[in-house]
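Visitor: Could you walk me through this one, a question at a time?

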Amino acid sequence: MIQNQLIGLREIVLQDDVTSLAQSSSMFGGADIKIVHTRPKPKPENSFYDEPQFVVTKYAKELSWLIFQLKDVFSSELNYMNKYEFYSRLAERANKSIEIHGEDLSRMFQDVLDDAEDMAKRN
């Protein structure tokens, strides 16, 4: 079921204008990750909470849209114990893609979807 949804999501990403689809999307923040356009100032050291893992990209809206889509696809599998690993892996993959390929939206989406498919195969 998840594999089929991921295939469908990949087709949407390849065929549709994701920027238009993401226009009304909120910016993703949760489970210790945050998708942003620019990195905010660090919190004071005496803050109770650690800094989230940031993904800084000019495509923050589009990536947030994809993360929300993946949240829906994996909703039956995610819980309070595994959601941190799930979102952290997606953020790490996005950051790695940006590091290697620069601000290439298509490549970043393909990399994040590849990682989502790897996680789906584990379950």
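Visitor: Is Q110 buried or exposed?
Guide: Buried means under 20% relative accessible area, exposed over 50%, and partly exposed in between, using a 1.4 Å probe and protein chains only. Q110 has a relative accessible area of 15%, so it counts as buried. One heads-up: this is a predicted model, where local features need pLDDT of at least 70, side-chain atom pairs count only at pLDDT 80 or more, and totals for chains, interfaces and linings use all residues. Residues are numbered from 1 along each chain as its sequence is written, and side-chain values use heavy atoms, with hydrogens and water left out. Back to your question: Q110 is buried.

Visitor: Which residues is Q110 in contact with, leaving aside its neighbours within four places in sequence?
Guide: Contact means heavy atoms within 4.5 Å. With those neighbours set aside, the contacts of Q110 are R10, V13 and L14.

Visitor: And which helix is Q110 found in?
Guide: Helices here are DSSP runs of H or I with at least four residues, strands are runs of E with at least two, and both are numbered from the N terminus. The protein chain has 5 helices and 3 strands, in the order α-α-β-β-β-α-α-α. Residues 105-122 form the helix that holds Q110, and that is α5.

Visitor: What is the radius of gyration of the protein chain?
Guide: The radius is taken over C-alpha atoms, and the globule rule is 2.2 Å times the number of residues to the power 0.38. For 123 residues a compact globule would come out near 14 Å, and the protein chain agrees, with 14 Å.
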